[in-house]
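Here are my notes on this model, point by point. Please read them with the structure open.

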Number of protein chains: 4
Amino acid sequence: MNFSISDRGHAYHEKLLSFMDDCVHPAEAVYEKQMRASGDPNFHPPVLEELKAEARGRGLWNLFHPHAEWGPGLTNVEYAPLAEMLGRSIHLAPEATNSNAPDTGNMEILTLFGTEEQKERWLRPLLAGEIASAFAMTEPDVASSDATNIRLRMEFDGDHYILNGRKWWISNALHKRCRVLIVMGETDPGAEPYRRQSMLIVPVDTPGVSIVRGLPVFGYQDRVGHAEIHFEDVRVPKSALLAGEGDGFMIGQARLGPGRIHHCMRAIGMAERALDLMVDRAQSRTTFGQPLSERGNIQDWIAESRVELEMVRLLTLKTAWLMDTVGNKAARTEISAIKVAAPGVALKVLDRAIQVHGGGGLSDDFPLASMYAELRTLRFADGPDEVHKRAIARRELARRTRERSRVTV
Amino acid sequence: MNFSISDRGHAYHEKLLSFMDDCVHPAEAVYEKQMRASGDPNFHPPVLEELKAEARGRGLWNLFHPHAEWGPGLTNVEYAPLAEMLGRSIHLAPEATNSNAPDTGNMEILTLFGTEEQKERWLRPLLAGEIASAFAMTEPDVASSDATNIRLRMEFDGDHYILNGRKWWISNALHKRCRVLIVMGETDPGAEPYRRQSMLIVPVDTPGVSIVRGLPVFGYQDRVGHAEIHFEDVRVPKSALLAGEGDGFMIGQARLGPGRIHHCMRAIGMAERALDLMVDRAQSRTTFGQPLSERGNIQDWIAESRVELEMVRLLTLKTAWLMDTVGNKAARTEISAIKVAAPGVALKVLDRAIQVHGGGGLSDDFPLASMYAELRTLRFADGPDEVHKRAIARRELARRTRERSRVTV
Amino acid sequence: MNFSISDRGHAYHEKLLSFMDDCVHPAEAVYEKQMRASGDPNFHPPVLEELKAEARGRGLWNLFHPHAEWGPGLTNVEYAPLAEMLGRSIHLAPEATNSNAPDTGNMEILTLFGTEEQKERWLRPLLAGEIASAFAMTEPDVASSDATNIRLRMEFDGDHYILNGRKWWISNALHKRCRVLIVMGETDPGAEPYRRQSMLIVPVDTPGVSIVRGLPVFGYQDRVGHAEIHFEDVRVPKSALLAGEGDGFMIGQARLGPGRIHHCMRAIGMAERALDLMVDRAQSRTTFGQPLSERGNIQDWIAESRVELEMVRLLTLKTAWLMDTVGNKAARTEISAIKVAAPGVALKVLDRAIQVHGGGGLSDDFPLASMYAELRTLRFADGPDEVHKRAIARRELARRTRERSRVTV
Amino acid sequence: MNFSISDRGHAYHEKLLSFMDDCVHPAEAVYEKQMRASGDPNFHPPVLEELKAEARGRGLWNLFHPHAEWGPGLTNVEYAPLAEMLGRSIHLAPEATNSNAPDTGNMEILTLFGTEEQKERWLRPLLAGEIASAFAMTEPDVASSDATNIRLRMEFDGDHYILNGRKWWISNALHKRCRVLIVMGETDPGAEPYRRQSMLIVPVDTPGVSIVRGLPVFGYQDRVGHAEIHFEDVRVPKSALLAGEGDGFMIGQARLGPGRIHHCMRAIGMAERALDLMVDRAQSRTTFGQPLSERGNIQDWIAESRVELEMVRLLTLKTAWLMDTVGNKAARTEISAIKVAAPGVALKVLDRAIQVHGGGGLSDDFPLASMYAELRTLRFADGPDEVHKRAIARRELARRTRERSRVTV
């Protein structure tokens, strides 16, 4: 195991740190003000475009992109600490560097599986940060963590696919610049289970696509939205197909690994920010004649947060290293493990930080409550904890079965 | 210990159960619709007034009021199960029965300490459900769980009190019918610590009172609001004084005991509702060929929720019984205990219920996320958990010191 | 719900408290000394017989016995606080008052189901504290929490039953005065599942009965033992049958309810003792210039212990009250609930107490480690936590199924 | 960060794995039998000497020793996985490879600070595995985690040191071959706090040294013992001084770092063994018609154990790497972190494994209960969790104080 950061990684780290300190953190108050002034929860505030221009100018663009042709081409181990840093300013930094989910995953699969025409039409403006995109997989009526449950129909009439069905929790669909959806649906119910699904590239303005509402998380309307979208007789040409018919599940798998690493590292970044705020608050408030920071229970919270964050960061780095060295598939148990561990740790840290802040911690005077809400969704996104734990346990059971048979022989 | 419910208590229980089933639960969807249609988070929806009229007609009015003159005059043990039932429909039932915090506490202290004039002007319309009120104690700049930290100045100029200072987390202040604030402030900084504070009755429309904003909780704007209020040279006559100058802390203490029981029982009611929803969902969703309700981990969550709720309900009943028999002061350790235990248990149950619901559990398609937000505030309201635990521990330390000295002699 | 203690209950409480203070606690050091001096972990120390004589003289004999003919005839609610007090000196007080498991359960079923001859031969000397007994149900080869798994064969040859099989975790079998085993076995493998089992009264010295070893618990050899016993062609006459053939399961069920209440109340007594020791230690040790008792983390442990103990005691009292009023069968969910909750709480309290004591807490200089070991067995005894949680969850699922069908109709 | 294992490390890993499989694991039953047959809890069983001879023959000797002159000279990162493997057979493997605490630490400080004469007399036979040794620091009367509390007096009379005082929890002192104690005591109460202490090398048979008793852990008497030792006018010559007078604290610090890594890695090894046993048991037991291994709650335990073990192993490796690269002192926060985290995780895994085993898990039919006991001591050894958490929190508080001052300027 080697998590050493290359010189190139170090250089990006230094550059990103300066950008965060010089530009992003100072912009946070501006952002809040522009959002409030707009009265529109899905407003696209000018400060974001300024940050994007600045980031691009500093060479901090498409940081996530693993292919050197399109971005810096960093390994997962190199990118992980950058993703953590982006998480410290979750509403600004990922988008400012054009490294925001779900655009990242969409750019990756367009890079891997897109035709030249698809790349030209969609990938190029995405890489340029000119448009946004969404990924439409989850459905309201089924447990979508099992891909074989997907029910959105995609019928081929010899010329076009005709889509009918409903999706929800489609993040980014309410982004003012969202132009395109990558939609997972069922093309052939009679095929073998993991060849039934395909992915189609659907422009948002295609007739029959209705964005019904934005789903709140706790009481928050996310700026880029978690949308419910209905598809009624939506027609797209055959050329909208990503890879081949029946490749939907395979593309979905390819998309998941890096996305989970990014989610987890950003979660750690959010929690590190919360820990800083917790310490600051504990040092500035006094009750019964003693600063909170000198009380044994608060010290325990700080220490436990530090230790838990260290551990889950290392597990995420190990997973990144495995993906870099043996590939996403071989790392799937570890990917499940961080998917369970990172949001769990981050939520614990956030809850402690909120408690130290009193009522203010639940309001928007601090970023804690909104980070908590965001992190809480991660315990379902890409499959609930329970599905991942089940996968880890089954792997462990299989390991012992093998070992016992070896020992017996 | 005797938690038996009297015949009178039983009769109210039956009547309230019918009201909940016949009127309140069916009104929930209407309420949501009226609120959404209004576009105003602080809207006062007509359905609420209809429910109030119905409740009053059924003799389910001022259920909380301990004084037989003004309400049914139930004991704490009798009222506790009713408060739990009200908690099952937290946005409607407490207000429909005119048993909503903080009006309840305000009505109690006006009953106990108000002059005839004060009662006529404020208590009568409160008891009639015609107006609403708020209680202004918490301040943004100090740890207000220590009452001696209160900084809002109340200077007496021989004729009027002049108020200057800031309050926040003032619940109900954004209620469309809120007409009056009971304000805690400092009248004599030179007095002994617990005689420095007084309470004044301040009409909301007094010049100098500005309701600056409603504080969100996890993104939610509560219908009745948690307001930040500024007081700038606010003048009220001497007759606005509740009880005597220097009695502020004493009144505050008198107000706390029953309020905490009510909060805790409502919290248990919310959690019972969540447990019902968790069970329903577990029985209706299937993954990997098995209903969630047959999985060992989900069954553990259900069982643990049931056991924890049983235990915390009993502790709350014991506390109610102590308050009925030996008084609020003698029950103060138990009051601290339920203040820590009930929100803690309820949040655990809610979090499990949310997890079983997947993404939907965080949206407003179910009442879970908003109940979670509401319950999370209870870990600070009336003092954070840590202050209550400290009080319990000190009591326990003192008990052993006494026992050891007795044993030695 | 009414947990009021009757005057009779109060009188016993006072008498037992005096006995504990005057005799039992002072005898603890003597007991330790006699045990160590003997060099025999199963030694029967003289101090125990002295305490028995004293208890009998004070009218504190067979305290547990629900039938007025044989003991004070206390209700479960009356006996519960006494059982808690006995738990504070777990190695002495239960046996000193002839209220020690498993003799208690055995005396109960002999009272309920024994023939006159059986009562004369076994019940009379047990009630007199002259002999001890064991209850042989658990088997090493099957999950015995499911009674239908029981495999010890009891074949009837027209005259005698012939027993073959193995039992383990047979508590009390190594008591120096243990004279008799009540053995559960299978008489008719072809009967319906819960009529296959019978119970036989087997004198310990019957040929073919071999007590193979005492099973340690965390390295402790319990004074009265947890034995592994083999039965090889053990012959007992037909008159050894308790109740009728096929009644084994029914008798087992009758035996369980009160036994679980007793276990749980004694567990609470042990934990209360541990909490006292934790407080004492915290008040007597200083690190970094501050007594442990003033540190926030230690105060949290003390407060949480107090709150958790209050809650689980109330749940146990409620269960006792249900058993007194509606019977053991109707109380079975609550019996499962305390079976899970009480050992869980007690172990948490013990672990904190050990931590406050440092290394000494794990040695025999304090009673903490041995109480921990004893309590840890309760998470399996009479069925592991998981079986009880499953039962509670199924009850809860059935409740909602009924409620929903009622609502729908 | 680079945890890659060198070729040398790999080679040792392979060799040790073969030794474990071929010799150590098969010897476990023999060991148990020899110990039981002896009737002496401190017996030195012949199988251990056979394993030592075999290990030495295979070049697996003094594995821990960081100095190439005396052992393989592995780095901490290289040795850590070996220490984990040794932990899987905790009663045999560490001693078989002459890598057993506290001999390891003693050999290290003799290597670093011993005179030629001291090395010849004590280090040589220790490295040869001919004798054993103990390290006497902890005292019964003070919180010894604060070294300045040490009270054992060491008076110099111009020629000899005269020792008076008491020590306890002195591990290895009951080893049949223990010949020497390294004793920490106070030579100069008037010196500055961390120069008051010195270390003396005291042969066990020096007049005035009395080994009073072996302290049990739960009910276990460790084979090598945790002894209470009294020193009464014990005279040792000046040449017994290790390093200089006043160097006691400094030597103690030097001793701690590697020792903690070893403890933690062995703890992880014990927990991995427990996880294997838990899986095996879950696959072999069936209740209510389903193997335990297919139940959701048991699968959650297995998955959580796997994830937690992965995380804490990585934190331990990071700490080892820091010690190798920046030194023990710079790694002290991480050393505190693993000291808290590793025993905590291991105890959780052990408790789950015990629960899956039912009663048997608490007996000596499986190694679980004795491992639990051993691991529980680690939450105090070298300072209780609370002292380490306090240190971590203070470091974190200082970090933020620095960062804030930097940001402000």
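1. Start with one ion pair. A:Arg400 and D:Asp276 join their side chains in a salt bridge, N to O at 3.3 Å. The term covers a side-chain nitrogen of Lys or Arg within 4 Å of a carboxyl oxygen of Asp or Glu. By that rule, 14 salt bridges cross the interface of chain A and chain D.

2. A word on the basis. The model is predicted, so local features need pLDDT of at least 70 and side-chain atom pairs count only at pLDDT 80 or more, while totals for chains, interfaces and linings use all residues. Residues are numbered from 1 along each chain as its sequence is written, chains are lettered from A and ligands numbered from 1 in the order written, and side-chain values use heavy atoms, without hydrogens or water.

3. Next, the polar contacts between chain A and chain D. There are 24 residue pairs in polar contact, both residues at pLDDT 80 or more. A polar contact is a pair of N or O atoms within 3.5 Å; within protein, one must be able to donate a hydrogen and the other to accept it, and residues adjacent in sequence count only if both atoms are side-chain atoms. Which elements of chain A give two or more residues to the side that touches chain D? They are α7 (248-284), α8 (296-325), α9 (332-357) and α11 (385-408). Helices (H or I, at least four residues) and strands (E, at least two) are DSSP runs, numbered from the N terminus. α8(A) gives the most, with 14 residues. The residues on this side of chain A divide into 17 nonpolar, six polar and 15 charged. Here Ala, Val, Leu, Ile, Met, Phe, Trp, Tyr, Cys and Pro count as nonpolar, Asp, Glu, Lys and Arg as charged, and the others, Gly among them, as polar.

4. Now the extent of that interface. Chain A brings 38 residues to the contact, and chain D brings 38 residues. Contact means heavy atoms within 4.5 Å. The buried area is about 3600 Å², with 60% from carbon and sulfur atoms. That is the accessible area (1.4 Å probe) that two parts lose on being put together, summed over both. In chain A, the most area is lost to chain D by A:Met1, A:Met311 and A:Leu397, together 16% of what that side buries.

5. Symmetry comes next. Chain A superposes on chain D by a rotation of 180° with 0.0 Å of shift along the axis, at RMSD 0.0 Å. A:Asn2 comes closest to the axis among the residues of chain A, its C-alpha at 2.1 Å. The two copies meet through the same surface, because 100% of the interface residues of chain A are also interface residues in chain D.

6. Finally, a residue inside chain D. D:Thr111 lies in helix α5 (residues 103-113). Is D:Thr111 buried or exposed? At 11% relative accessibility, D:Thr111 counts as buried; the cut-offs are under 20% relative accessible area for buried, over 50% for exposed and partly exposed in between (1.4 Å probe, protein chains only). Its side chain makes a polar contact with that of D:His65 at 3.1 Å. The D:Thr111 side chain also reaches the backbone oxygen of D:Met107 at 2.6 Å.

Conventions: Least-squares fit on C-alpha atoms with pLDDT ≥ 70 in both.
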